[in-house]
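Here are my notes for a first pass through this model, written as numbered points. Keep the structure open while you go through them.

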Amino acid sequence: MTLSQNPENNIKNSTDNAPEDSDKVKRVPYHFGEKLRQVREHKGYTLKVVAQKAGVSESLVSQIERNHVSPAIDTLLALADVLDINLEYLFEEYRKERPVQITRADERAKITEEDVFYEELANPASSDGEHSIEAYIIKIPRNSHTYRGSYGHLGREIGIITKGTAKLKYDNKEYILETGDSVSFSASVPHVLENAGDSNMEAIWVVTPAQRFVK
């Protein structure tokens, strides 16, 4: 077998017949350059100062912050030491699962309280009560109102009126909300949402921590 005098041809010829690895999974690089940059700027360090203290070039630090290159472990350790960063902070997002939750239209949980109808838009985002969040559609018929909030509860609520007119009774005050109006308030104060119009009222509501649809 005769090798070409051109090294590039030898590389090409040696790989032309190499079997493809169909099971090889493409690696997605983990980026933390933005965290390094934020800490550096928060401390008031310039690229030059960090580079000098870490014993690397200013250009390399810049490329690492822009996620253009992945640093060697000794370089990363030097930068973390200069910036006084805990490595757990840099890698806390590594391989963290971020599931997408889809609730099909015919799978939504539905409940009623007296004559008020609630339809869940998504399951509570957390299983621990204080940090969970729920979202649902409220449908209140004419001359009716919600009931549970009349005593107040832990957390916060955000809502938008999508149909009709509502009256929010919050502590000792009343607020009229027309279609398209939104509202946000601490749920610790007694509150009631009332249909203030002549037809059915609908709204989309977000509550944290979850109250009605806790599994």
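1. Let's begin with what counts as a cavity: on a 1 Å grid over the protein atoms alone, a cavity is a set of points where a 1.4 Å probe fits but cannot get out, and its lining residues have an atom within 4 Å of a point. Grid points are joined across faces, edges and corners, and a volume is the space filled by probe spheres set on the points. With that in hand, the structure has two cavities of 30 Å³ or more.

2. A word on where this comes from. The model is predicted, so local features need pLDDT of at least 70 and side-chain atom pairs count only at pLDDT 80 or more, while totals for chains, interfaces and linings use all residues. Residues are numbered from 1 along each chain as its sequence is written, and side-chain values use heavy atoms, with hydrogens and water left out.

3. Now the overall picture. The protein has six helices and nine strands; these are DSSP runs numbered from the N terminus, helices being H or I with at least four residues and strands E with at least two. Of the 215 residues, 32% are buried (buried is under 20% relative accessible area, exposed over 50%, partly exposed in between, with a 1.4 Å probe and protein chains only). The protein exposes about 14600 Å², with carbon and sulfur atoms supplying 49% of it; the areas come from the Shrake-Rupley method with a 1.4 Å probe, and for residues only the protein chains shown count as cover. Among contacts (heavy atoms within 4.5 Å) between residues at least 6 apart in sequence, 65% join residues at least 24 apart.

4. Back to the largest cavity, which holds about 120 Å³ of space. It is lined by 16 residues, and the closest to its centre are Thr 146, Glu 157, His 191, Trp 205 and Arg 212. Strands S3 (134–140) and S8 (191–195) each supply at least two lining residues, and S8 gives the most, with three. By class, the lining has eight nonpolar, five polar and three charged residues. Here Ala, Val, Leu, Ile, Met, Phe, Trp, Tyr, Cys and Pro count as nonpolar, Asp, Glu, Lys and Arg as charged, and the others, Gly among them, as polar.

5. The second largest cavity has a volume of about 40 Å³. Look for Leu 36, Arg 40, Val 50, Val 61, Ile 64, Glu 65, Leu 79 and Leu 83 around it. Helices H2 (33–43), H4 (58–65) and H5 (73–83) each supply at least two of the lining residues, and H4 has the largest share, at three. The lining has six nonpolar, no polar and two charged residues.

6. Which strand holds Asn 195? Asn 195 sits in S8, and it counts as buried because its relative accessible area is 4%. Its side chain reaches the backbone oxygen of Pro 141 at 3.2 Å, and a polar atom of that side chain lies 2.9 Å from the backbone nitrogen of Gly 197. Leaving aside neighbours within four places in sequence, the contacts of Asn 195 include Ile 140, Asn 143, Thr 165 and Met 201.

7. Ser 184 belongs to strand S7 (182–186) and is partly exposed, at 38% relative accessibility.

8. Lys 139, in S3, is partly exposed, with a relative accessible area of 32%. Not counting residues up to four places away in sequence, Lys 139 touches Asp 115, Val 116, Phe 117, Met 201 and Glu 202.

9. Some backbone details to check. The peptide bond from Thr 208 to Pro 209 is cis, with omega near -5 degrees. Asn 143, in the loop between S3 and strand S4 (156–163), has a positive phi of about 65 degrees although it is not a glycine. Asp 171 also has a positive phi, near 60 degrees, and lies in the loop between strands S5 (166–170) and S6 (173–177).

How values were computed:
On a 1 Å grid over the protein atoms alone, a cavity is a set of points where a 1.4 Å probe fits but cannot get out, and a pocket is an open set with protein on both sides within 12 Å along at least five of seven lines; lining residues have an atom within 4 Å of a point. A polar contact is a pair of N or O atoms within 3.5 Å; within protein, one must be able to donate a hydrogen and the other to accept it, and residues adjacent in sequence count only if both atoms are side-chain atoms.
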